[in-house]
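Let's walk through this structure together, one piece at a time. Have the coordinates open and follow along.

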Amino acid sequence: MKFQTAASRRWIAIRAIPVAGLLLLAACGASNTPTGGGLGSGDLLVGVIAPFTGADAGLGPAYYAACLAAAPSINSNGGVGGRQIKCQQFDTRGEPADAVPAANQMIASNSNLMAVVGCTSDEAATVAPIIDRAHIPMFCMTGQSEFNKTNLKYFHRLVPADVYDAFAMVGSALYGPNHAPYKNAALVFGDDIGSQAFVDPATKAFTKLGGKIAINQPIKLGASSYRTEVAAMLKSNPDVILTEALGSAGTYLKEVKTQNGGKMIPFIGTSATIDPTWFQQVRDAIGIDDLLKYYAGVDLGYTFTGTAYSEFLTNLNAAASTFADAPKYKQRGSTLHLYDGIIMTALAMVATNSSDRTVYNPKIIEIANGTNGATVVNTYKDGVAALKAGKSIRFVGAGGENNFDQYNNSQSGYILVAYDKDGNEVTAGKLTPDQTAKLIAAGG
Amino acid sequence: MELYVAALGFGLVSMSVIAIAAVGFTMQFGITNMINLAYGEVMISSAYVAYYLNKAGISIWIGMVGGALFGAVFSFLLNRIVYAPFLRKGTSHIGMVIVSLAVSLMMANVLLPIVGYYSVSYQDTTGGLLRAGGIVLTTNQIVIIGLAVVLMLGIHGLLRYTRLGKAMRATAANPTLARNCGIPTQRVVDAVWLITGALCGLAGVIAAMNSDSFAIANGAGFLITALAAAVLGGAGQSYGAMIGAVIIGIVTELSAAAWAPEYKEVVAFGILVAVMVLRPQGLLAKRGALAAAG
């Protein structure tokens, strides 16, 4: 039998001090955790969770630029109830195995997360449920079909599913301007989850509308060369290449040009190829003349004009002091959309006067879609003013109108695009409603 | 059949690129007993040195010399400033591997803001296209193959016929005995870092040329391929690394032609695993070669 002596009681008391200290610290920490009422105090954080290294390293900077542009738009207009927005990168390396610890670390170390942006197809399937469980609104740049009817309440998607991107590419091949319909297509997509999502819908749509898939060639992203792959592709005699192989496009396309005797084959890229990094890589590899002549892309129908876009552009250019490449993303669709997503989240917080994510999350969709009689606003400043005047608002931002469905997916139409010599997007054509209907019906 | 012949030709190019990298890596290990996991990052850094020279209007062939010089000097300094002090303190083999891994990560992260995350290309590096019996190669690829052959012969000549080469082999076999026999092993080690560093730099530029478009992230890939060829051939064995490069280079391209191209590296590394199971010391090394190098 052991007896509790005075010394042992003192020892227990001494041991209790750090425990009490920890409890006190936890209590202090909890004061930063969003609770029911009021907007709270201290900085708010937008987590940019995306690949910043690895084969898809070109994606993360586009999203980070969105946050850097959105932050001053909010901060210079009083912040969110006085709270300033900060942006922080969380690198997933484009790998689910790296993305999960990155997401957990982001959530565990930052109780002031107001929203998360990024989560590409590389990692969305693994990180979105984690972020959802933590009740943090997220805006994901994934086109994966598993999110078409998602039950994740905090998930938001401002871009159409990949199937529509694939249909638009097929539309460009069959109905695009300045060329006869292509009938023999090579599908050259990276072996990552995101790129492979285009293959099945593109195949279905293209073949049902009379085209033939000359070769379906998944390529290993980041390989040192694609000589044999290109030889096999050329042997199948395609008249067009449908492609998304981010990070490896330059290597592959240069090899096409080399083995094809210095002549390119027309190639059509997904909306992700409307990207300054992709443009630079392919331009350097095959030359600007061939890029302008043989490339066609698809993109959502942005106007790149208006009050919202002007403010976005001003802030994006100013962000160059923090991130020199930021201005390059002036026409990157995902940058525009995520900028809008962050501003809509801030407006939702103001509208609900709450920093409790469970309270302001449902308001985001209401602000995006608008309700009957809602005042349309294009900037955070105007939104806050309208809310303070007791009005309900609809935010139409730099990326245009949003129309969320019950699964938090916002859909919009595609246009056919090309590049100019400076890497700016130019509209090359549009798909008619009839053509669009045919493509969707064919692709299932 | 035509595709397989073409793939065989492409395999010759891949083999040449891998051989230069793998021989440098394996010599470094065989003589200095250092598994330098920063090798891939030195390769990609050298590729960028050549890129900036090329961008300034200098021919890529001169840029290649610049890359090799950078690789030599950087590797020499890396050993003198980082690795050698750890070795003097008696850091274990595994400890040194971790140190080199740390150096690799630091280099990658320091380079990222300097060179950017995007891919770049050398200018005018393709050359004309030559076709012979189904094999399709550019003139520059033929130069690369020729360069690899010359370098391999040069390494063979160095190790076999020169005083320095003999001193290197003696140092590799037993550094203490070599020192007691009057061989200035420290200077030999310095020379090894300079020579293998130059090979590393050269391999980096050639690998970047071979890729047409490269980015900072490629450094890890370069290392894995060189490491695989070196291990396949027998760690520390220069001739083994050459054989390993031939196998990996050819198999990778042929499997891309015969099977799904996204698995071409899986096939190559599958062969590596199979060889390791049947002959753990590699194709050329004797059993215990890893331990003997110490």
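In which sense do S8(A) and strand S9 of chain A pair, and over how many bridges? They pair in the parallel sense over 3 bridges; strands pair if DSSP finds at least two bridges between them. Before going on, a word on conventions: this is a predicted model, in which local features need pLDDT of at least 70, side-chain atom pairs count only at pLDDT 80 or more, and totals for chains, interfaces and linings use all residues. Residues are numbered from 1 along each chain as its sequence is written, while chains are lettered from A and ligands numbered from 1 in the order in which they are written. Helices (H or I, at least four residues) and strands (E, at least two) are DSSP runs, numbered from the N terminus.

Stay with S8(A), residues 240-244, for a moment. 5 of its 5 residues are buried, so S8(A) is largely enclosed by the rest of the structure. Here a residue is buried if 20 or more other C-beta atoms, placed from the backbone, lie within 10 Å of its own, exposed if 12 or fewer, and partly exposed in between. Both faces are covered, with Val240(A), Leu242(A) and Glu244(A) on one side and Ile241(A) and Thr243(A) on the other. S8(A) also pairs with strand S6 (residues 184-190) of chain A, in the parallel sense over 5 bridges, and Ala185(A) stands opposite Val240(A). Towards S9(A), the bridge partner of Ile241(A) is Phe267(A). Phe267(A) in turn stands opposite Tyr295(A) in S10(A), where 3 bridges join S9(A) to S10(A) in parallel.

Step back and these strands belong to an open sheet of 7 with the order S7-S6-S8-S9-S10-S13-S14 (chain A) and mixed pairing. The edge strands are S7 (212-219) and S14 (425-430) of chain A, each pairing on one side only. From one strand to the next, the twist averages 30°; axes are lines fitted to C-alpha atoms, for helices over the stretch in contact, and angles run from 0 to 180 degrees between N-to-C directions. Helix H7 (residues 199-208) of chain A packs on the sheet, touching S6, S7 and S8 of chain A, and its direction makes about 170° with that of S7(A).

Chain A holds another sheet to look at. Its 5 strands form an open sheet in the order S2-S1-S3-S4-S5 (chain A), with parallel pairing. S2 (85-91) and S5 (155-156) of chain A are the edge strands. S4(A) and S5(A) are joined by 2 bridges, and Phe139(A) stands opposite His156(A). Helix H2 (residues 59-75) of chain A lies across S1, S2 and S3 of chain A, at about 170° to S2(A).

Now for the partner chain. 31 residues of chain B are in contact with 33 residues of chain A, contact meaning that C-beta atoms, placed from the backbone, lie within 7 Å. The largest share of chain B's side, 5 residues, comes from H1(B). Helix H9 of chain B is among the elements that give two or more residues to that side. 14 of the 16 residues of H9(B) are buried, so this helix is largely enclosed by the rest of the structure. Just after H9(B), Gly234(B) takes a positive phi of about 115°.

Notes
Contact = placed C-beta atoms within 7 Å.
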